[in-house]
Amino acid sequence: MSHLLYAEDPEPAEPVPAGPLFVPVRSGPAGCTARLFRTPLGGRTAVAFTSPQRLAAALGGGQPWIRLSEPALRALAEPVGATVLTVDPRCVPDIPRGHHLRAA
């Protein structure tokens with residue numbers, strides 16, 4: 001009997017997904033660089049998605065990305081002060097100053 005391995009399915013106890021993640025990047029002088037974001041409290045965070053569809057839903061279809069493992073992304077982000085990894089965030093657009101939300 002053969003056993004099927006699902007490398008990208010996380011175990012229930014794992015805090016982050018197993019397998020490669022889809023990481024948004026931007027172009028720089030040395031090639032691609034992982035994009036870093038700010039948490040609601042202002043801390044730096046690396047961001048990754050579990051599918052290209054989730055990445056596109058949050059950041060738009062034109063956002064370039066690369067596949068990285070969770071340890072590789074952490075190794076890239078930690079030296080520049082991003083010790084938090086956020087997986088599958090729902091991005092909320094900034095509200096310009098002076099505009100207030102109103103109930104419909």
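**Close-up 1. The side chains of D88 and R54 form a salt bridge, with 2.9 Å from N to O.** A salt bridge here is a side-chain nitrogen of Lys or Arg within 4 Å of a carboxyl oxygen of Asp or Glu. The pair joins distant parts of the chain, since D88 belongs to the segment after strand 6 (84-87) and R54 to helix 1 (residues 52-59), 34 residues apart; helices (H or I, at least four residues) and strands (E, at least two) are DSSP runs numbered from the N terminus. D88 counts as partly exposed at 22% relative accessibility, and R54 likewise counts as partly exposed at 47%, where buried means under 20% relative accessible area, exposed over 50%, and partly exposed in between (1.4 Å probe, protein chains only). The model is predicted, so that local features need pLDDT of at least 70 and side-chain atom pairs count only at pLDDT 80 or more, while totals for chains, interfaces and linings use all residues. Residues are numbered from 1 along each chain as its sequence is written, and side-chain values use heavy atoms, with hydrogens and water left out.

**Close-up 2. Within helix 2 (residues 70-77), E70 and R74 are four residues apart, and their side chains meet in a salt bridge at 2.2 Å, N to O.** Because of this four-residue spacing in the helix, about one helical turn separates E70 from R74. E70 is buried, its relative accessible area being 17%, whereas R74 is partly exposed at 25%. By the rule applied here, the count of salt bridges comes to two.

**Close-up 3. T33 is placed in strand 2 (residues 31-34).** With a relative accessible area of 33%, T33 is partly exposed. When residues up to four places away in sequence are not counted, T33 touches P24, V25 and R26, contact meaning heavy atoms within 4.5 Å. T33 and L76 are 43 residues apart in sequence, and their C-alpha atoms are 9.1 Å apart in space.

**Close-up 4. The largest nonpolar core has ten residues, namely L21, V23, A34, A46, A48, L68, L73, A77, A82 and L85.** The elements that give two or more residues to this core are strand 1 (21-28), strand 4 (44-48) and helix 2. Apart from this core lies another, of five residues, including F22, F37, V47 and F49. A nonpolar core is a set of buried Ala, Val, Leu, Ile, Met, Phe, Trp, Tyr and Cys residues joined through side-chain atoms within 4.5 Å. Leaving aside neighbours within four places in sequence, A82 is in contact with L36, R44, T45, A46 and A77.
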